[in-house]
Amino acid sequence: MTRRPLASSGHDPFAGDSIGAARRRLALEFRRGGLDAPELDARIIVGHALGLDHAALAAQSNRTLAAGEAGAIAALSARRLAREPVARLLGRKEFWGLPLKVNAETLLPRPETETVVEAALTAVDCDDRRWRALRIADLGTGSGALLLALLSELPNAFGVGTDISFAALRCARDNAAALGLSGRASFVACDYGRTLRAPVDILVSNPPYVARADIAGLQAEVRDFDPRRALDGGPDGLDGYRAIASHAARLLAPCDLDLYPRGAGASGATIRSCGHRPGPCDAGSAMRAPHSWYEKKHLDCGSRPTRFRPGIDPSE
Ligand SMILES: C[S@@+](CC[C@H](N)C(=O)[O-])C[C@H]1O[C@@H](n2cnc3c(N)ncnc32)[C@H](O)[C@@H]1O
């Protein structure tokens, strides 16, 4: 087989190929390009370009591509070879089993962030509060991943997601609507929890946590395509955690906070209430971990829906 470059100018590299041949050639190019999952990426990209699911792709494997189809595959392939993540090509990413829309201003939700949801639900279940009207805040909500996952599990909970990106907030709002959760979710543009007034029962956050100097060394898929403000945690990576700790102390009042890591090398950190007020050392040790969830312990769950003071409506 003559090898035609995928990103060449002047001709369509997939012209005349069958669907199966295009998929195999794409996988080969992706492998040569050093991508981690070349076959899977090729299958998803060809399927997306053609609007076909896995079964239809297999069934139509011998069909010759139309010119427009070949061009669509070539365009997506060039983007993937430039390291744009597949989820960004699709414009969606699954989190906690929920299909979430993403855009250029939202972090791609990570599977490991689901541990935050698990931890929060474990705490809720410990106290048998799954059916209560819990109040949730997700600071730095991005696509709304954490908040919407929790609302999907807690049928009577209400929540607010904050972010400094209007485009991210619009995306989160659209995701809430698509999941039928709009009635229990609101979104506010503000610096973490700064404009929130109502006390919350559960506070979750996955703030930017990369030390600024380390960003250049990140994988290209992350460095070049996740929004900078979703990554940049300041000089030591802890700016967001410091801000959240200061806001959490007020939002979770009257309890104080106790911050601690789950252990050396752990990928999660927990902030529980009713310990002592966090000092710089506490915060620093907990904040080194990339994912945190924060929970108010001895709380007044009540049955009232949360009324968050309105901030800036992202739809405005
Ligand atoms: C690591 S991303 C997490 C997004 C989402 N929670 C998730 O886990 O997929 C951090 C988010 O914090 C937002 N952010 C950064 N600085 C912020 C600030 N000062 N106040 C509120 N949100 C902020 C970013 O825009 C980004 O959406």
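Which residues point one way from strand β6, and which the other way? I202 and V204 point one way from β6 (residues 202-205), L203 and S205 point the other way, and all are buried. A residue is buried if 20 or more other C-beta atoms lie within 10 Å of its own, exposed if 12 or fewer, and partly exposed in between, with C-beta atoms placed from the backbone.

This is a predicted model, in which local features need pLDDT of at least 70, side-chain atom pairs count only at pLDDT 80 or more, and totals for chains, interfaces and linings use all residues. Residues are numbered from 1 along each chain as its sequence is written.

**Overall architecture**
- The protein has 12 helices and 9 strands; helices (H or I, at least four residues) and strands (E, at least two) are DSSP runs, numbered from the N terminus.
- Of its 316 residues, 41% count as buried.
- Among contacts with a separation of 6 or more, 66% join residues 24 or more positions apart; two residues are in contact if their C-beta atoms, placed from the backbone, lie within 7 Å.

**Strands β3 and β6**
- In a regular strand the side chains alternate between the two faces of the sheet.
- Strand β3 (residues 135-139) pairs with β6 in the parallel sense over 4 bridges; two strands pair if DSSP finds at least two bridges between them.
- Opposite L203 in β6 stands A137.

**Surroundings of the ligand**
- The ligand is surrounded by 22 residues, and the closest are L107, G140, G142, N206 and A230; a residue is near a molecule if its C-beta atom, placed from the backbone, lies within 6 Å of it.
- Two or more residues of this shell come from each of α7 (145-153), β4 (158-163) and α10 (228-231).
- The shell divides into 10 nonpolar, 9 polar and 3 charged residues; Ala, Val, Leu, Ile, Met, Phe, Trp, Tyr, Cys and Pro count as nonpolar, Asp, Glu, Lys and Arg as charged, and the others, Gly among them, as polar.
- Helix α7 is mostly covered, with 7 of its 9 residues buried: A145, L146, L147, L148, A149, L150 and L151.

**Positive phi values**
- Most residues other than glycine have a negative phi.
- R83, in the loop between α4 (67-81) and α5 (86-90), has a positive phi near 80 degrees.
- R83 counts as partly exposed because it has 16 C-beta neighbours inside 10 Å.
- Y192, in the loop between β5 (185-189) and β6, has a positive phi of about 45 degrees.
- Y192 counts as buried because it has 25 C-beta neighbours inside 10 Å.
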